[in-house]
Amino acid sequence: MVLGAVNAWDWQPHPEVWLLIAAIIGLGGYAVRVIGPKVVPAGQPVVTGKQKASFLAAVAVLWISSDWPVHDIAEQYLYSVHMVQHLLITLVAAPLFLLATPEWLARLIFLDEGKGAQVLRWFSKPVVAGVVYSALTALSHWSAIVNASAENGVLHYGLHLTLFASALLMWNAIVGPMPEHRLSVPQQMIYLFIISIIPTVPSGWLTFAEGVVYSAYDDPERLWDVSAVDDQQVAGMIMKIVAGFYIWGIILVKFLGWARAQERANHRQPVTINRDLTYDDVRQAFDDAGPPAAEPADRSR
């Protein structure tokens with residue numbers, strides 16, 4: 001086909017995305033302006049500048065990855081863009097939202113006595129959250145799910161919301177607002193490494209498949225002359241290389257920070273010199289102690 005015959009830049013409105021973004025901003029503003037002042041001690045900030053910046057960045061990433069033109073290209077033309085969309089939602093937006101969440105708000109949600117909070121606490125356990133996230137990530141690349149979501153907008157958004165929720169639970173063990181929910185730094189590095197290994201199965205399947213895996217993207221009219229096979233191979237490489245190096249980069253940063261902390265802790269410890277005890281040491285100890293004191297006379301005699 002002729003390059004540019006398919007126009008991906010025709011603007012398409014997505015009011016469901018606008019409603020979602022507006023709801024997130026509204027809930028965030030209500031929590032900070034109404035709930036926060038009632039529970040945060042006087043003199044302490046309801047939110048910090050870093051949390052505000054993280055919230056704005058998270059909303060921006062979620063909006064860009066869910067609205068036109070990324071959504072339209074990802075759903076109708078290129079599965080590789082769909083892969084980028086997934087990575088932005090699960091690996092960038094999700095941890096940013098957790099970094100934006102103040103500890104007092106997280107405690108109000110997690111420490112509630114209702115059934116919902118109990119279920120949330122169970123699913124937020126690192127092992128459970130990691131298994132659920134990995135399973136949903138693999139399931140989201142199953143051909144039947146991909147083909148169905150490409151044809152059904154409700155299913156498509158539902159799948160994204162489910163992946164986003166599972167990513168929040170997974171990242172809670174790394175950057176969660178409650179310190180007791182976070183793993184130790186060595187455990188975080190192992191946890192993230194395991195998370196980075198799981199996607200190699202579907203990414204390898206996409207990269208080395210001989211034919212078209214997803215029929216929904218096997219359209220004779222190709223965007224930018226990218227074939228369906230090339231598109232899915234690029235998607236597999238994005239999932240393997242981009243996502244893998246992104247997570248490994250986080251592991252590297254955490255390792256360097258942990259190593260510096262260990263080095264500072266070692267410098268603060270007093271230096272002791274251990275050597276073998278000698279005869280001169282024992283004699284000097286007796287000399288320093290002086291002669292033994294005389295025993296008191298026995299008055300019973």
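Within what distance do the axes of helix H8 and helix H9 come, and at roughly what angle do they cross? The axes of H8 (residues 143-151) and H9 (residues 153-175) come within 5 Å and cross at roughly 120°. The model is predicted: local features need pLDDT of at least 70, side-chain atom pairs count only at pLDDT 80 or more, and totals for chains, interfaces and linings use all residues. Residues are numbered from 1 along each chain as its sequence is written, and side-chain values use heavy atoms, with hydrogens and water left out.

**Overall make-up**

- The protein chain has 13 helices and zero strands, where helices (H or I, at least four residues) and strands (E, at least two) are DSSP runs numbered from the N terminus.
- Read from the N terminus, the elements run α-α-α-α-α-α-α-α-α-α-α-α-α.
- Of the 301 residues, 37% count as buried; buried means under 20% relative accessible area, exposed means over 50%, and partly exposed lies in between (1.4 Å probe, protein chains only).

- Axes are lines fitted to C-alpha atoms, for helices over the stretch in contact, and angles run from 0 to 180 degrees between N-to-C directions.
- Angles under 35 degrees count as roughly parallel, over 145 as roughly antiparallel, 65 to 115 as roughly perpendicular, and the rest as oblique.
- H8 passes H9 in a left-handed crossing; a crossing is left-handed if the near helix is turned anticlockwise from the far one by less than a right angle, and right-handed if clockwise.
- Helix H2 (residues 49-66) and helix H4 (residues 79-100) have axes that come within 8 Å and cross at roughly 160°, which makes H2 roughly antiparallel to H4.
- The crossing of H2 and H4 is also left-handed.

**Salt bridges**

- The structure holds two salt bridges, a salt bridge being a side-chain nitrogen of Lys or Arg within 4 Å of a carboxyl oxygen of Asp or Glu.
- One of them links Arg-107 and Glu-103, with the closest N and O atoms 2.7 Å apart.
- Both Arg-107 and Glu-103 belong to helix H5 (residues 103-110), where they are four residues apart, about one turn of the helix.
- Arg-107 is partly exposed, at a relative accessible area of 25%, and Glu-103 is partly exposed at 34%.
- Arg-107 also meets the side chain of Glu-180 in a salt bridge (2.7 Å, N to O).
- Glu-180 lies in the loop between H9 and H10 and Arg-107 in helix H5, so this pair ties together parts that are 73 residues apart in sequence.
- Glu-180 has 48% relative accessibility and counts as partly exposed.
- Through shared partners, the salt bridges join Glu-103, Arg-107 and Glu-180 into one network.

**Nonpolar surface patch**

- A nonpolar patch on the surface has about 990 Å² of accessible area together, and its residues include Ile-190, Phe-193, Met-237, Phe-245 and Trp-248.
- Patches are made of residues with over 30% relative accessible area and no salt bridge; like charges are joined within 9 Å, and nonpolar side chains (Val, Leu, Ile, Met, Phe, Trp, Tyr) within 5 Å.
- Accessible areas come from the Shrake-Rupley method with a 1.4 Å probe, and for residues only the protein chains shown count as cover.
- Helix H10 (185-197) and helix H12 (228-268) each supply at least two residues of the patch, and the largest share, six residues, comes from H12.
- Ile-190 lies in H10 and, at 54% relative accessibility, counts as exposed.

**Backbone geometry**

- Most residues other than glycine have a negative phi, and most peptide bonds are trans.
- A cis peptide bond joins Trp-68 and Pro-69, with omega about 5°; Pro-69 is in the loop between H2 and helix H3 (70-76).
- Trp-224 has a positive phi, near 55°, and is a residue other than glycine.
- Trp-224 lies in the loop between helix H11 (200-208) and H12 and is partly exposed, with a relative accessible area of 39%.
- Asp-225 has a positive phi of about 60° although it is not a glycine.
- Asp-225 is in the loop between H11 and H12 and counts as partly exposed at 42% relative accessibility.

**A contact across the sequence**

- Ala-135 and Ser-166 are 31 residues apart in sequence and 9.8 Å apart in space, C-alpha to C-alpha.
- Ala-135 is in helix H7 (residues 126-139) and is partly exposed, with a relative accessible area of 43%.
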